[in-house]
Amino acid sequence: TMFSLGSVPTDKAVTVERFSENQINFSYKYSIYSKPHTFAKTIEVVTERATLKRGEAVEIKCVDTYWRYASGGENSPATLRVEWIEYQQFWDECWIAAKQDKYKAADFARFLITEGNFQLAFDLLVDAGEDCYELGLCYEKGYGTFVDINKALNIYLSVDNIDCNRGIERIYNLLENTNK
């Protein structure tokens, strides 16, 4: 599973091709604008290969693809550092970062929710003390807490992003179907 706290350049698709106790060979894909600065949104997918050895890190090249209205799409060269760490170290680093930054807390909670660790995700978000989509989702679905549609809706309404808009729509549809 790919996971990062904070921003990651473009989309990544990783395929483990071979692995052993001390080495992982993988390929990864990322997309770039094939005709930057032309207002053409044509995307090209690039495939690269890398080898990661136990206890080491490797830097892989990629790009930060973004749309700039003044000149059309752009590709900015980027590198991503991939490090082989043990699961406990991953867990500890994520937990520390999440405790220090409310945005990273939401990122880590999203990961915990996808892993089915609902109680820990909910507790982390409550400790962070910031309304976010993931906290609304916990209340909406009963992840780590009791279902509370009113709390979920209030959180979704207080946060302006596309995920919260979808949450509002889900709750609206739920209430609409309940009242029929």
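1. Basis. The model is predicted: local features need pLDDT of at least 70, side-chain atom pairs count only at pLDDT 80 or more, and totals for chains, interfaces and linings use all residues. Residues are numbered from 1 along each chain as its sequence is written, and side-chain values use heavy atoms, with hydrogens and water left out.

2. Layout. The chain has six helices and five strands. Helices (H or I, at least four residues) and strands (E, at least two) are DSSP runs, numbered from the N terminus. Their order along the sequence is β-β-β-β-β-α-α-α-α-α-α. The radius of gyration is 20 Å, well over the 16 Å that the globule rule gives for 180 residues, so the chain is more spread out than a compact globule. This radius is taken over C-alpha atoms, and the globule rule is 2.2 Å times the number of residues to the power 0.38. The C-alpha trace spans about 55 × 45 × 30 Å along its principal axes.

3. Of the 180 residues, 34% count as buried. Buried means under 20% relative accessible area, exposed over 50%, and partly exposed in between (1.4 Å probe, protein chains only). Among contacts (heavy atoms within 4.5 Å) with a separation of 6 or more, 43% come from residues 24 or more positions apart.

4. Helix α4. This helix, residues 133–141, is mostly covered, with eight of its nine residues buried. The buried residues are Tyr133, Glu134, Leu135, Gly136, Leu137, Cys138, Tyr139 and Glu140. They pack against α2 (102–114), α3 (118–128), α5 (149–158) and α6 (162–178). After α4 comes Gly142, with a positive phi near 80°.

5. Helix α5, buried side. Ile149, Ala152, Ile155 and Tyr156 are buried in α5. Viewed down the helix axis, the buried residues of α5 fall within an arc of 130°, so they line one face of the helix. The arc is that of the directions from the helix axis to the C-beta atoms. The packing partners of these buried residues are α4 and α6.

6. Helix α5, other side and N-terminal end. Asn150, Asn154 and Leu157 are exposed on the other side of α5. At the N-terminal end, Asp148 caps the helix: one of its side-chain oxygens lies 3.3 Å from the backbone nitrogen of Asn150.

Key:
Polar contact = N/O pair within 3.5 Å; in protein donor to acceptor, adjacent residues only side chain to side chain.
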